[in-house]
Amino acid sequence: MITVLEYKQLKAFARLDGAILGGIMCATFFAFIASLKGTAWQLAYMLGMLSVPVFVAMRVRNYRDNILQKRVSFRRAAGYSMHCFGYSSLILAIVMYVYFQFFDQGTMLANMRSFFESPEMQQAMKLYGVEKSLLDAQLGVMSSLRPIDFAFSMISNTLFGGLGCSLLIAVISKRNPRVLKNND
């Protein structure tokens, strides 16, 4: 059973790691926005998406090895990971809200429309059987969303995705800590 002091310690370290993860997620979000205009940013967006669970797994391992210095339970590893995702989702939601409220002015949707109207995407949509009318309807729904709607949907998406990642990370991380050997 975790004590109150250990829980406060878990939250404090998770808050710091969540802030760093929030920065990574914000950079990934801006890489996505840039990838709609220039395809060179798509690699940065994909690497950012892949780095999120890897970063959290590394931070859980660091928490286990350097802070606890003992075997971490499944629940504590999952809790630490979920706290990281929770704090980072708040940061990402605030950044997204500010971006869509004050800076975007419909640019993202215009870039998405032009992206899906490119010849390569038209060919890919035909290949996968995606109807243009369905895509137009979805973009129409997106254009009716308020900035706060984008922010709230990002919180829920991050938390649900983080739950799955946290369970996997907890399974991987619940072993004994790595002990550094002294060369004395």
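1. Helix 1 and helix 4 are oblique to each other. This is a predicted model. Helix 1 covers residues 4–37 and helix 4 covers residues 107–116. The two pack at an angle of about 45°. Their axes lie 8 Å apart. The crossing of this pair is left-handed.

2. Now the residues behind that contact. Helix 1 contributes Phe32, Ile33, Leu36 and Lys37. Helix 4 answers with Met108, Asn111, Met112 and Phe115. By class, the contact of helix 1 with helix 4 has six nonpolar residues, one polar and one charged.

3. Helix 2 spans residues 41–68, and helix 3 spans residues 74–104. They pack at an angle of about 130°, and their axes are 10 Å apart. That angle makes helix 2 oblique to helix 3. Angles over 145 degrees would count as roughly antiparallel. The crossing of helix 2 and helix 3 is right-handed.

4. Which residues of helix 2 and helix 3 meet? From helix 2 come Val52, Val56, Arg59, Val60, Tyr63 and Leu68. From helix 3 come Arg76, Ala77, Tyr80, Ser81 and Phe85. Eight residues of this contact are nonpolar, one is polar and two are charged.

5. On cysteines, the count of disulfides in the whole structure is zero. Cys26 is in no disulfide. For Cys26, the nearest cysteine sulfur belongs to Cys84, 15 Å away. Cys26 is buried, at a relative accessible area of 8%.

6. The cut-off for a disulfide is a pair of sulfur atoms within 2.5 Å. Cys165 counts as partly exposed, because its relative accessibility is 25%. Buried would require a value under 20%.

7. Thr158 lies in helix 7, residues 147–173. Is Thr158 buried or exposed? Thr158 is buried, since its relative accessible area is 7%. Leaving out residues up to four places away in sequence, Thr158 touches Met25, Phe85, Ser89 and Leu92. Of these, Phe85 also takes part in the contact of helix 3 with helix 2.

8. Ala151 is found in helix 7 as well. With a relative accessible area of 4%, Ala151 is buried. Neighbours within four places in sequence aside, Ala151 is in contact with Ala93 and Tyr97. Ala151 and Tyr99 are 52 residues apart in sequence. In space, their C-alpha atoms are 10.0 Å apart.

9. Ala124 sits in helix 5, which runs over residues 119–128. Ala124 is partly exposed, with a relative accessible area of 25%. How far apart are Ala124 and Met108 in space, C-alpha to C-alpha? The distance is 21 Å, for a separation of 16 residues in sequence.

Definitions and conventions: Residues are numbered from 1 along each chain as its sequence is written. This is a predicted model: local features need pLDDT of at least 70, side-chain atom pairs count only at pLDDT 80 or more; totals for chains, interfaces and linings use all residues. Side-chain values use heavy atoms; hydrogens and water are left out. Axes are lines fitted to C-alpha atoms, for helices over the stretch in contact, and angles run from 0 to 180 degrees between N-to-C directions. Helices (H or I, at least four residues) and strands (E, at least two) are DSSP runs, numbered from the N terminus. Angles under 35 degrees count as roughly parallel, over 145 as roughly antiparallel, 65 to 115 as roughly perpendicular and the rest as oblique. A crossing is left-handed if the near helix is turned anticlockwise from the far one by less than a right angle, and right-handed if clockwise. Contact means heavy atoms within 4.5 Å. Ala, Val, Leu, Ile, Met, Phe, Trp, Tyr, Cys and Pro count as nonpolar, Asp, Glu, Lys and Arg as charged, and the others, Gly among them, as polar. Buried means under 20% relative accessible area, exposed over 50%, partly exposed in between (1.4 Å probe, protein chains only).
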